[in-house]
Amino acid sequence: MKEISIIGVDLAKRVFQVHGIDAEHKTVVQKKLPRSEVLKWFAEQGPCLVGMEACATAHYWAREISKLGHEVRIIPPSYVKPYVRRQKNNRADAAAICEAVSRPEMRFTTIKTIEQQAVQTLHRSRELLVRQYTQTGNAVRAHLSEFGWIFPQGNEGLSQAIAIVQTTTDADLPELVRTVLGSLVAQLTYLKQAIGRLDKQMVAWHKSQVENLRLATIPGIGPVTASAILSAIGDGKQFKSGREFAAWVGLVPRQNSSGGKESLGHITKRGNMYIRRLLVSGATTQLRGKRQQNAPGGQWFEDLLRRKPARVATVALANKLARITWAVLTKGERYRAPGAL
């Protein structure tokens with residue numbers, strides 16, 4: 001059997017499909033591997049290029065297979081899809097991955113370290129708890145509104161609703177309702193405490209990372225945004241420019257250009273939804289109260305606010321924040337205000 005040079009792996013929970021080709025791009029092996037035999041099989045192969053689609057377990061397998069002397073590359077699924085021939089199945093997917101990973105202009109996902117994945121787990125868990133807190137709070141307010149109790153929006157209104165559940169003896173609010181809502185209020189208390197504990201862990205990790213502290217020098221970038229970016233892209237050197245990073249986040253216009261004529265549409269909203277939301281939120285803070293003197297954008301942002309709606313301006317500023325973030329990460333420098341030397 002000829003020596004394998006490139007292997008495509010279709011990852012799964014229990015049974016993995018591999019497709020291997022030689023230096024002449026001729027198929028050498030096509031087989032299924034039980035999960036327990038994957039690493040053993042790769043250990044028996046000579047050093048080669050291994051491709052796999054980005055998914056929940058891709059970074060784990062990439063790290064483990066790399067330890068065996070192979071070069072592992074992770075490909076976004078959308079980049080593999082054009083190489084799938086006819087019907088979609090595990091065998092066709094593995095062959096498509098093998099073909100895609102060999103393309104010279106293909107883009108790959110950087111393999112994350114265990115620490116990066118740990119911090120991302122922290123962010124995703126916090127996001128889940130915040131979402132549950134919002135849903136539970138909305139449920140309390142909605143149930144009270146059915147009995148004529150209306151409260152202002154925001155945390156202040158929610159605090160008033162909680163106080164009503166805990167203290168009122170009004171006959172218009174039945175005892176059964178107070179008991180049921182009391183369970184929701186207890187859940188709110190637990191969620192708030194859990195979110196607080198995760199926030200402390202996030203701030204502690206943020207302060208322990210030099211790169212995070214550099215990112216935090218950018219107005220509009222706090223511990224949450226800085227740690228989220230660092231855990232997602234590391235040093236950021238996989239991107240050739242700040243614009244490429246902004247496009248990866250999803251902060252560039254959608255293009256429908258043809259015949260040499262550029263046609264730009266709305267923001268694509270592709271890419272990392274979580275980081276995009278954090279950057280837009282950071283840019284939105286520049287609208288509230290007096291803007292910081294060293295804030296990104298400067299006079300450009302002020303002029304944009306006079307010509308465009310506030311949301312359009314803040315998304316444009318978020319794009320600029322993304323580019324500045326990439327520059328700070330890749331150059332290893334702190335943020336310098338516009339005009340500063």
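What share of the contacts in the protein chain with a separation of 6 or more comes from residues 24 or more positions apart? I looked it up: the share is 54%. Contact here means heavy atoms within 4.5 Å.

**Ground rules.** I am working with a predicted model, where local features need pLDDT of at least 70, side-chain atom pairs count only at pLDDT 80 or more, and totals for chains, interfaces and linings use all residues. I number residues from 1 along each chain as its sequence is written, and side-chain values use heavy atoms, with hydrogens and water left out.

**Whole chain.** I found 13 helices and seven strands. These are DSSP runs, numbered from the N terminus: helices are H or I with at least four residues, strands E with at least two. Of the 341 residues, 42% count as buried (under 20% relative accessible area, 1.4 Å probe, protein chains only). The radius of gyration, taken over C-alpha atoms, is 25 Å, while a compact globule of 341 residues would have one near 20 Å. That globule rule is 2.2 Å times the number of residues to the power 0.38.

**Helices α6 and α7.** I then checked α6 (residues 154-167) against α7 (residues 175-208). They pack at an angle of about 135°, and their axes are 9 Å apart. Axes are lines fitted to C-alpha atoms over the stretch in contact, and angles run from 0 to 180 degrees between N-to-C directions. From α6, L158, I162, V165 and Q166 make the contact. From α7, I noted R178, L181, G182, V185 and L188.

Methods:
Buried < 20%, exposed > 50% of the residue type's maximum accessible area, 1.4 Å probe, protein only.
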